[in-house]
Amino acid sequence: MDPVEEKGGESRGEMTRRTFVRIGLTAVGAGYAAALGYPIYEYLASPAEKAAVEAAVKDVTLEKADELPAGSAMMFKFGGMPALLIHHDDGTWTSLSAVCTHLGCTVQYEKEQKRIHCACHGGVYDARTGANMSGPPPKPLRAFRVEVAVGKVVVSRA
Ligand code: FES
């Protein structure tokens with residue numbers, strides 16, 4: 001027997017290449033499985049996990065948000081969910097969930113019309129109260145409490 005040959009006529013060089021190829025294919029397969037599996041896991045697990053994360057968060061401190069100009073709004077995350085902080089022209093503040101109550105699209109503040117609009121199906125909400133005004137949304141946006149202080153705005157569950 002050739003000293004380089006082993007069982008089945010394979011040389012050490014071939015075994016090494018085969019082992020290398022197997023390890024490589026296994027790694028590629030594991031990568032594909034993770035790439036496909038993670039989004040599926042996220043899709044299936046996300047409603048319960050997001051609800052748990054959202055419920056655990058009682059308030060959010062927005063550093064320097066007190067500098068938000070009157071007549072404008074900013075988006076932020078409240079417990080992983082999008083939310084709006086609106087500084088109205090008259091100096092008052094509102095914070096609302098930015099998750100449309102129809103099918104969950106993210107709504108936007110429309111500065112010129114001073115309203116909240118959902119581009120998915122044309123839902124419209126009152127920018128001060130979050131009340132559903134027109135379109136398919138069945139209920140108001142969730143409102144948060146707003147406390148403005150020097151250098152920050154604290155938004156908490158109402
Ligand atoms: S998801 Fe907002 S109007 Fe349908």
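Colleague: Which residue in β3 does F76 stand opposite?

Modeller: F76 stands opposite A83 in β3, where strands are DSSP runs (E, at least two residues) numbered from the N terminus. This is a predicted model, in which local features need pLDDT of at least 70 and side-chain atom pairs count only at pLDDT 80 or more, while totals for chains, interfaces and linings use all residues. Residues are numbered from 1 along each chain as its sequence is written.

Colleague: How many bridges join β2 to β3?

Modeller: Seven bridges join β2 to β3, and the two run antiparallel; strands count as paired if DSSP finds at least two bridges between them.

Colleague: And what order do the strands of the open sheet take?

Modeller: The open sheet has six strands in the order β1-β10-β9-β4-β3-β2, with antiparallel pairing, and its edge strands, β1 (59–63) and β2, each pair on one side only.

Colleague: Switching to the core, which residues have the most contacts inside the largest one?

Modeller: Those are L84, L85 and I116, in a nonpolar core of 21 residues. Such a core is a set of buried Ala, Val, Leu, Ile, Met, Phe, Trp, Tyr and Cys residues joined through C-beta atoms within 7 Å, and buried means that 20 or more other C-beta atoms lie within 10 Å of the residue's own, with C-beta atoms placed from the backbone.

Colleague: Which element gives the largest share of this core?

Modeller: That is β3, with four residues.

Colleague: What is L85 in contact with, beyond its neighbours within four places in sequence?

Modeller: Its contacts there include L62, F76, V153 and V155, contact meaning C-beta atoms, placed from the backbone, within 7 Å.

Methods:
A residue is buried if 20 or more other C-beta atoms lie within 10 Å of its own, exposed if 12 or fewer, and partly exposed in between; C-beta atoms are placed from the backbone. Two residues are in contact if their C-beta atoms, placed from the backbone, lie within 7 Å.
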